[in-house]
Every structure is written in structure tokens, then in C-alpha cells.
Amino acid sequence: MNEKAGIKAFIESLQIEVQNNPKLSAVYDSCKMALVDLQGPLRVAITGVIKTGKSTLLNAFLGRYIVPTAVEVMTYNVNWFHHVKHSDDGKEKIVVRMLDGVKSEYSIEKLSEFVGYSSTHKELLDSVHWVDVYLNHPLLEVFDLIDTPGLDSLMGTDSQHTRDLLTKEENRPDAIIYLVYPEFKSKDITAVADFHESTGLISGLNSIAALTRADMMVQKFEEAEEKIRSNKERYADIRYYFLNIYPIAALPAQASFMLNDYDIELLRELPKINNIATFTADYNTFVDKFDWQTKEIRSHLCTLLSIDGVRLSIEYFEQNPIATAEAYKSYLYDFSRVELLKSIVIDHFGGRADFHKCNRVLSRLRKVCARTIQQKEIGHDVRIVIQGITQRINQLDFELHQHYAEYYILNDYYNGEDYFTEDEWEEVKCVLGEYGSEDFERLNVSKDTTKTEIQSAYDSLCKTWQKRAVKFGFIGNTRANEVSLQIARIIQSYSNNL
Ligand SMILES: Nc1nc2c(ncn2[C@@H]2O[C@H](COP(=O)(O)OP(=O)(O)OP(=O)(O)O)[C@@H](O)[C@H]2O)c(=O)[nH]1
Ligand SMILES: [Mg+2]
């Protein structure tokens, strides 16, 4: 039986054991919630301060314009995306959940009415708790995706809704993608630290950051990467919060499925116009002062691409005047690096879904037991029962630690443990899969390395860690000694499984 199945079986039997004891009703409720959680997909929230491009990235991930986006503050309520197979009638739809508990269903097209900000129906928006969206998309088979209002929104109760929703036990996401633009600022650090405190959630194990809108930077991705480097130096805490920070440009990815053939033919014409660089100097010049097509068309192109994307397209058609529309769309999509982020998210979160879920379920159950045992009125017999349950939880937790030893080692890194040097930690992160779980990625060697070479690299790395274990043992650093031995064992298991 695997870990998840073992935990599920334990919770099922516990639920039966406590169901008729009113003093253990909280444990019963926690079991019920745990069983739902264990079989549901991992929940990934896209979060960050306002206007970082959260909704645009969500649309880009789904390859469909579903969540409204805008230059002004837009997302007012949480949109929770589920695969259509979880909808009660198997159909695509939205289910609006009001704060008073009432639920109503609408077609997907109505989504913006319930989540997009509008001063005219603010009262309605304020009475929405969140919106469930059921959609037919393969990515949603792996994760639920949650689009959130900006964490620092000043427009009313929306930020509070986000915090309440995301920090409540039953709704808490398992992982987050944190977006920043144009770089990390102290308010991001505050928002992340705050979120971490209320959920205990953010660590590199389940959080990834992305620096967005790289297309708007003069030097594009080069500049974004430089910003990431200097941000990591300036805010040392970033290393504990996130696996890494990846630069992206979600708007060109969204444009790749929003632009129609007519739009593309117009863009192809632009490089032929004299002094085009002057007319595309900024948004206002392009939309208000450029005598080409209509103002509506110019503004439409800027909405889909932004002025930076228009310039990018001019450059592309200058170099590829007869490229097909498909080739141009692929260019936009590849440029965005959204696919790379998506594959990192799938690999990093998807591969660890069971671990995150088991961990969450056990820690929540343990908390409920701890709360219950403190109640004076429960009596001696119930106290003994809870002690027994806690012992079983501890045993399962111990087995989880054995089975997922690598994640607990990585957790030490993200918790700032310094029993290894920075270089040793980098080696640990790499071999334990933080930069990809293929053998060549774990060993940081080229993709075409042969199986024999991989084997011998694993064996030699295993020996290195055994030697380090001896060294740490010799100097009396027991934790480093113990973890080094664990690492050597894990590497040995990779080698054995080749
Ligand atoms: N140039 C460029 N613009 C972008 C990019 N991503 C988003 N935008 C633009 O930035 C604005 C905000 O994007 P949204 O996706 O609505 O941002 P958000 O974080 O969801 O905003 P709120 O929900 O209001 O907090 C829109 O005008 C987008 O078109 C990008 O990668 N490049
Ligand atoms: Mg939004």
C-alpha cells in the first residue's frame, strides 16, 4: 500500500470510530474533509499584488480568454477553476457562491459579471464569496487553478476575501505561483511573509515566483534575468520562500490565441510604414497620433499585445515578412516562456501532489486533536482515545518522513538550516530534483549522457556524501551526518532504479 492509500485507510477507519461520539465531532469533520482532499486535485493559486498579470497568465495557461483582464484593477473575487468532470452535471459552467451560502449557476460567459470590478455593481460583487469555474481542460486534471485579486488591492473587501478564503483550513491552496512586476518590492516581501504566517504555506517546496511582463523591458528577458539576480541579492529571504523566480511575458502568450488572421495581416503591414519607430514610441502616440487604420483598430491591437507586443511584432515581420500566421503565433508563444513555467509547475507541483496532500491532511488532523484534548469537559476516556489517535498520526507522519525523505531535507534548506554550506545545499537541491527530476537534471550533466555514465556519476556522488557523513560525524555535527547518510541512500536508490 502506498503512503496516500495508508493514510486514506486510517482516516476512513477513524471516521467510523469517532462518528457516534459528539465530543469527537471536530475529529469526525476533519476526517470527512481529509477524505475529500485526498482524492481531489492539488490546488494551485496564482497570487501577487495588483496588476502583475495574474489573470493573463491564467488565460495563457488555459489557452482561452476566460478571466477578464484590464489595465485598471480588475479581479475582484476569487475564481476557482476545476476540471469539468468535477461538475455535478458534467457541463462547463460557473457556480457563484454568495457569502450568505446561496449558490447559483450560470454559463461561463457570465464570469466577468461576478469577478470583474465594476463600480456600478460593487454591491453584488461584495456579496460574492468566490466563483467555481468548471472547464474542460487537461491542465485542470492535474490541478485546480485559482485566480485571485491582488493581495494589496485598495478597492474594498476583495483583498480580505482573498485572504479569508486562502487561509481557511478547508480552502487553503497546496501551492502558489507568486507573480511580481517589475521586480520584488518590500510590499511583495510583506505580502509573502504575511501569507506564510497565516497559512504556514510558502516555501520553495510549494511556491514558485515569476517576474512578469518581460516584454515591457528594454532588454526583454536579459533585463528580467538581471533583475531577478539583483532581487535575490537584495532580499535574501526570497531563497526560503520560492523554488526560484522565472521571467515570463504572459500577454504575448495570450495574444497567440486572441489575434485573428485579419489582425495579423495588419501587423504584417506595419514594418513597411516610414518612421514606424516614431509612431510606436508609446501607447498614446500609436493610438492617438498615428494616422493608420482606425483608432479602434489601433487600440484593439494594443489591448491584445500592448505597445511592447506591437513593437515585438514589427521586429518579427521585418525579419520574417512572409511568415505564416501560425509561425508568428508560435513565435509569440515561445517568446512568452509560459510553456516553460507551465512545465516547471507541472513537474514541481504535480509530481509532489500526494506528498503535499498527505502532509496537509495529517497536520490538520493533529491540530484538531491538540485542540480537542485541551477542552476540560471531554473527560478522561475521550482524552485517552485522542492520545491513541495522536500516536497513530505520529506513526503515519514518521512513515511519511521515511518515504518522502528528500522533501523533508529540502524543507530544512527552505527553513534556513545551515548545517551544509551554500554549495553543498545547491548540490542537494539539484540531486533531489529542485531543478528537474530527470537523471541528467539531477546530476546537472548534458541530456545525451549515457546510462553507464549516469550510473557512475550517481555512484561517485553517493560516495562523496558517504564521506561527508563521516566528516560530519567526526566533528560531531549529528544532523548533517544523519542527512548526508540519507542523501547517500537516496542517490543509491536513483542509481539502483536506472
Ligand atoms: N506587456 C504586457 N502586458 C501585460 C502582461 N501581462 C499582463 N499585462 C497587462 O497588464 C494589465 C493587467 O493584467 P491582468 O492580467 O488583469 O493583471 P492582474 O494581476 O490579474 O490584475 P488584478 O486582478 O486587477 O490584480 C492588463 O492590461 C494586461 O494586458 C505581459 O506579459 N506583458
Ligand atoms: Mg486579475
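**Exercise 1. Helices α1 and α18**

At what angle do helix α1 (residues 3-18) and helix α18 (residues 353-373) pack, and how far apart are their axes?

Solution. The model is a predicted one.
- Step 1. Two packed helices are described by the angle between their axes and the distance between the axes.
- Step 2. For α1 and α18 the angle is about 30° and the axes are 10 Å apart.
- Step 3. Angles under 35 degrees count as roughly parallel, and α1 and α18 are therefore roughly parallel to each other.
- Step 4. Their crossing is left-handed.
- Step 5. On the α1 side the contact residues are K4, I7, F10, I11 and L14; on the α18 side they are D354, K357, C358, V361, L362 and L365.
- Step 6. Sorted by class, the contact of α1 with α18 holds eight nonpolar, three charged and no polar residues.

**Exercise 2. Strands β7 and β8**

How many bridges join strand β7 to strand β8, and which residue of β8 does V180 stand opposite?

Solution. 
- Step 1. β7 covers residues 175-180 and β8 covers residues 207-211; the two run parallel and are joined by five bridges.
- Step 2. V180 stands opposite L211 in β8.
- Step 3. In the loop between β7 and α8 (186-199) lies P182. The peptide bond from Y181 to P182 is cis, and its omega is near -10°.

**Exercise 3. Helix α23 and its partners**

Describe how helix α23 packs against α21 and against α24.

Solution. 
- Step 1. The axes of α21 (residues 422-431) and α23 (residues 451-474) come within 13 Å and cross at roughly 140°. That angle makes α21 oblique to α23.
- Step 2. α21 passes α23 in a left-handed crossing. E424, E427, V428 and V431 of α21 make the contact with Y458, L461, W465, R468, K471 and F472 of α23.
- Step 3. This contact of α21 with α23 contains six nonpolar and four charged residues, and no polar ones.
- Step 4. The axes of α23 and α24 (residues 478-496) come within 8 Å and cross at roughly 165°. Angles over 145 degrees count as roughly antiparallel, and α23 and α24 are therefore roughly antiparallel to each other.
- Step 5. The crossing of α23 and α24 is left-handed. Residues in this contact include Q455, D459, C462 and A469 of α23, and A480, L485, I491 and Y494 of α24.
- Step 6. By class, the contact of α23 with α24 counts 12 nonpolar, seven polar and two charged residues.

**Exercise 4. Domains and a positive phi**

Which segments make up domain 1, and how far apart do the C-alpha centres of domain 2 and domain 4 lie?

Solution. 
- Step 1. In the domain assignment of the chain, domain 1 consists of 3-37 + 354-403. The assignment also gives domain 2 (41-249), domain 3 (259-323) and domain 4 (418-496).
- Step 2. The C-alpha centres of domain 2 and domain 4 lie 35 Å apart.
- Step 3. Q293 has phi near 50°, a positive value in a residue other than glycine. Q293 is in the loop between α14 (283-288) and α15 (295-319).

Methods
Residues are numbered from 1 along each chain as its sequence is written. Chains are lettered from A and ligands numbered from 1 in the order in which they are written. This is a predicted model: local features need pLDDT of at least 70, side-chain atom pairs count only at pLDDT 80 or more; totals for chains, interfaces and linings use all residues. Side-chain values use heavy atoms; hydrogens and water are left out. Two strands pair if DSSP finds at least two bridges between them. Helices (H or I, at least four residues) and strands (E, at least two) are DSSP runs, numbered from the N terminus. Axes are lines fitted to C-alpha atoms, for helices over the stretch in contact, and angles run from 0 to 180 degrees between N-to-C directions. Angles under 35 degrees count as roughly parallel, over 145 as roughly antiparallel, 65 to 115 as roughly perpendicular and the rest as oblique. A crossing is left-handed if the near helix is turned anticlockwise from the far one by less than a right angle, and right-handed if clockwise. Contact means heavy atoms within 4.5 Å. Ala, Val, Leu, Ile, Met, Phe, Trp, Tyr, Cys and Pro count as nonpolar, Asp, Glu, Lys and Arg as charged, and the others, Gly among them, as polar. Domain bounds come from an automatic or database domain assignment.
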